[in-house]
Amino acid sequence: MEASVILPILKKKLAFLSGGKDRRSGLILTIPLCLEQTSMDELSVTLDYLLSIPSEKCKARGFTVIVDGRKSQWNVVKTVVLMLQNVVPAEVSLVCVVKPDEFWDKKVTHFCFWKEKDRLGFEVILVSANKLTRYIEPCQLTEDFGGTLTYDHMDWLNKRLVFEKFTKESTSLLDELALINNGSDKGSQQEKERSIDLNFLPSVDPETVLQTGHELLSELQQRRFNGSDGGVSWSPMDDELLAQPQVMKLLDSLREQYTRYQEVCRQRSKRTQLEEIQQKVMQVVNWLEGPGSEQLRTQWGIGDSIRASQALQQKHEEIESQHSEWFAVYVELNQQIAALLNAGDEEDLVELKALQQQLSDVCYRQASQLEFRQNLLQAALEFHSVAQDLSQQLDGLLGMLCVDVAPADGASIQQTLKLLEEKLKSVDLGLQGLREKGQSLLDQISNQASWAYGKDVTIENKENVDHIQGVMEDMQLRKQRCEDMVDVRRLKMLQMVQLFKCEEDAAQAVEWLSELLDALLKTHIRLGDDAQETKVLLEKHRKFVDVAQSTYDYGRQLLQATVVLCQSLRCTSRSSGDTLPRLNRVWKQFTITSEERVHRLETAVAFHSSAEKILQECPEQPEAFNEMEQFDEIEAVGKSLLDRLTVPVVYPDGSEQYFGSPSDMASAAEHIREKMKLVSLKKQQLRQPEAATPES
């Protein structure tokens, strides 16, 4: 019988075991009667339950029953006492009927319990509450009878419910755990797994039941400990009532079975985990060696352009994305395997290590293949990028070479030539870079067969190799053609530079000659103060003329060179229509001016020589001056020179130019006039002696 079944009856407190004991160590059973009518059936059920609690040893010592009739009627008390004969006749040793202080004295004579002792099987005494201590110690009586024993019926009932629930659950749990554990120790592996599958989960949580049992045991031990100190009375659920030993025994059994159960679960979990790992490992391996490898086998090309290589890279990224999902599974599996290896179960170490090695080998091999393919495509993309850049450079260079050169001057030609050389140098560097990229790509392609899984990639590799070599050869041929054209263009441009240089130098010669003419007219003015100085001036003038002649000859040679270069370049030159006429015109003007200068200087030399000769001769030699014609000749030369100083130089085009400024000419003429005066004075001096001779 369980308390939970008759809980409403037990709550009525029709009877209870307070935990108190009589002087024979027998348990005290208290039946508190009340003014209301007591149901004998409910009381009988209550007594049956209470008497089922103590052990047989306790029952053998007998019970002392206290029937509290102070609030009840005599006939009820009598009925209860008689009922004890049927319920617990053998266990009851003494029945103490607590009577009220009044009312019963007369009625006792009508029914003497002591006379019925033999028939009842136990002794019945009538006693007032204050005299109950004659039979039972006060510490074993509750406060209702003047004792000191504390009893809380609802607390006892709650603890009893917990105890019975724990007992029921733990017993059921022990049976289930024993079935599970025993099933795991018997039979074949298949039977063991089937047994574990059928009874793997207990109906209740073992942890919860153990916690409940520990809390209950702690409560029982605490009650007993406190009771031993005299603070709080003992609970009915003590050693005497087998509560604490029973709980301890159940807990020990539960711990033992639960430990075995945990080991069974651990083994099962480990085996399940190992099987799951094996399954996942095979899934990863099968995919990588199957669809994954097949994807890589079909991807062998490198593309024939940047766009094609980029498309292949995008396709490869999709393949890598699919592989990444399986690599993530590999990382997770590797961690799980490492955790199991650290657990140190020797029976699974070999199998786990083999799985780990197999998984690592396949994953690393596939990752290496992906990386190789990625590097190959990247190298191909770089090769095609360099090839495209080089092709654009060659197109730009070819376009530059196909345009006819028509620069304005030599500087622009030099700039164009410099740009052409830079472009050619850039093409050389680009071709060198293309060769390096191509060779690197060829080296990688030659290693492609190492991960082909037996697939013959010779044909595919040959196509790739032929494409790479074809691109490099084509670029080499294009570059060679451009170099040949550059050589021709360079020669032409150098000739044009020379042409412009000749034209510029010829124009410069014209300028120099013009400057010489200008200097001749403006600075070559003096005629000298004497014959010697005039001769020096004449010599300097001849040298000056030689310089002008060299300048003119240099200009003529340059213009002749321009004619030859124009014929070579098949172009017209500005020199034939502009520079040459200018050169001839300036030279003609210079020649006329120079001749005029020479004539004046020669006249001046003749004048000064004659004048100085006459002026230096002694007057004592009159025979030298017999002829006056010399003086007349000198005067005539002087006048002629003075007249020539006032006459301008007339050029073929009708233009006129004077030597120096009018003041310069006046200064030169003045000096001649002074010398003519000296000659005239000398002439007069010579004439005076002649006039005096006839008179004498």
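In which sense do strands E3 and E4 pair, and over how many bridges? The two strands pair in the parallel sense, over six bridges. The views below come from a predicted model, in which local features need pLDDT of at least 70, side-chain atom pairs count only at pLDDT 80 or more, and totals for chains, interfaces and linings use all residues. Residues are numbered from 1 along each chain as its sequence is written, and side-chain values use heavy atoms, with hydrogens and water left out.

View 1. Strands (E, at least two residues) and helices (H or I, at least four) are DSSP runs, numbered from the N terminus. Two strands pair if DSSP finds at least two bridges between them. Strand E1 (residues 16-21) pairs with E2 in the antiparallel sense over three bridges, and Leu17 has Leu29 in E2 as its bridge partner. Five residues lie between the two strands of this hairpin, and Ser25 in the turn has a positive phi of about 70 degrees.

**View 2. Strand E2 beside strand E3.** Buried means under 20% relative accessible area, exposed over 50%, and partly exposed in between (1.4 Å probe, protein chains only). Five of the six residues of E2 (residues 27-32) are buried, so this strand is largely enclosed by the rest of the structure. Strand E3 (residues 63-68) runs parallel to E2, joined by six bridges.

View 3. Six of the six residues of E3 are buried, so the strand is largely enclosed by the rest of the structure. Phe63, Val65 and Val67 are buried on one side, and Thr64, Ile66 and Asp68 are buried on the other.

**View 4. Strand E4 and its partners.** Six of the seven residues of E4 (residues 92-98) are buried, leaving the strand mostly covered. Phe63 stands opposite Val92 in E4. Strand E5 (residues 123-127) runs parallel to E4, with five bridges joining them, and Val98 stands opposite Val127 in E5.

**View 5. Helix H2.** The 12 residues of H2 (residues 40-51) should span 16 Å at 1.5 Å a residue, and the end C-alpha atoms are 16 Å apart, which agrees. The expected span is 1.5 Å times one less than the number of residues. Leu43, Thr46, Leu47, Tyr49, Leu50 and Leu51 are the buried residues of this helix.

**View 6. The largest pocket.** A pocket is an open set of points on a 1 Å grid over the protein atoms alone, where a 1.4 Å probe fits, with protein on both sides within 12 Å along at least five of seven lines; lining residues have an atom within 4 Å of a point. The largest pocket holds about 350 Å³ of space. Of its 19 lining residues, Lys12, Lys13, Pro32, Leu33 and Cys34 lie nearest its centre.

View 7. Cys34 is partly exposed, with a relative accessible area of 33%, whereas Cys96 is buried at 0%. The structure holds zero disulfides (pairs of cysteine sulfur atoms within 2.5 Å).

Conventions: Grid points are joined across faces, edges and corners, and a volume is the space filled by probe spheres set on the points.
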